[in-house]
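I opened this model to look up its fold, its overall dimensions and its nonpolar cores. My entries are below.

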Amino acid sequence: MDIAVEELAAGITKVVLRGRFDTTGAVLVELPFNKIITEKSRIMVDLSAVSFLASYAIRVLLVGAKIINGRGGKLVILCPDNNVAKVLRTAGMDALIPVLQTESAATAVLTS
């Protein structure tokens, strides 16, 4: 599991995750992800290069969303592939965190 961070316009931080977001991957990215969550207020999590999503990964995303929402910030999920999108829907994540298919849609939600 790889994590990369890009600073976009309008104070948006894009967190790009690549690989299998399984238990091992979640352990690898949890600390750097939580550091970003505590420092930034508009976060786009790009899952377009994630091929698998485990329950621990869902927990990492939910905890991050809870922390950032408590600070008055926003977190959105961008471009999950079909399998990842299905897992997010099945877990009810799309009711808690906006799941968007395009970067422009994600940007619009984060800047509204």
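I worked on a predicted model, in which local features need pLDDT of at least 70, side-chain atom pairs count only at pLDDT 80 or more, and totals for chains, interfaces and linings use all residues. Residues are numbered from 1 along each chain as its sequence is written, and side-chain values use heavy atoms, without hydrogens and water.

Fold. I found five helices and five strands, taken as DSSP runs (H or I, at least four residues, for helices; E, at least two, for strands) numbered from the N terminus. The order along the sequence is β-β-α-β-α-β-α-α-β-α.

Size. The C-alpha atoms fill a box of roughly 30 × 25 × 25 Å along the principal axes.

Burial. I noted 39% of the 112 residues as buried, meaning under 20% relative accessible area with a 1.4 Å probe, protein chains only.

Cores. I took a nonpolar core as buried Ala, Val, Leu, Ile, Met, Phe, Trp, Tyr and Cys residues joined through side-chain atoms within 4.5 Å. The largest has 25 residues, and Phe21, Leu47, Leu61 and Leu75 have the most contacts inside it. Its largest share, six residues, comes from α2. A second, separate core of seven residues includes Ile12, Leu100, Ala106 and Leu110.

Conventions. Buried < 20%, exposed > 50% of the residue type's maximum accessible area, 1.4 Å probe, protein only.
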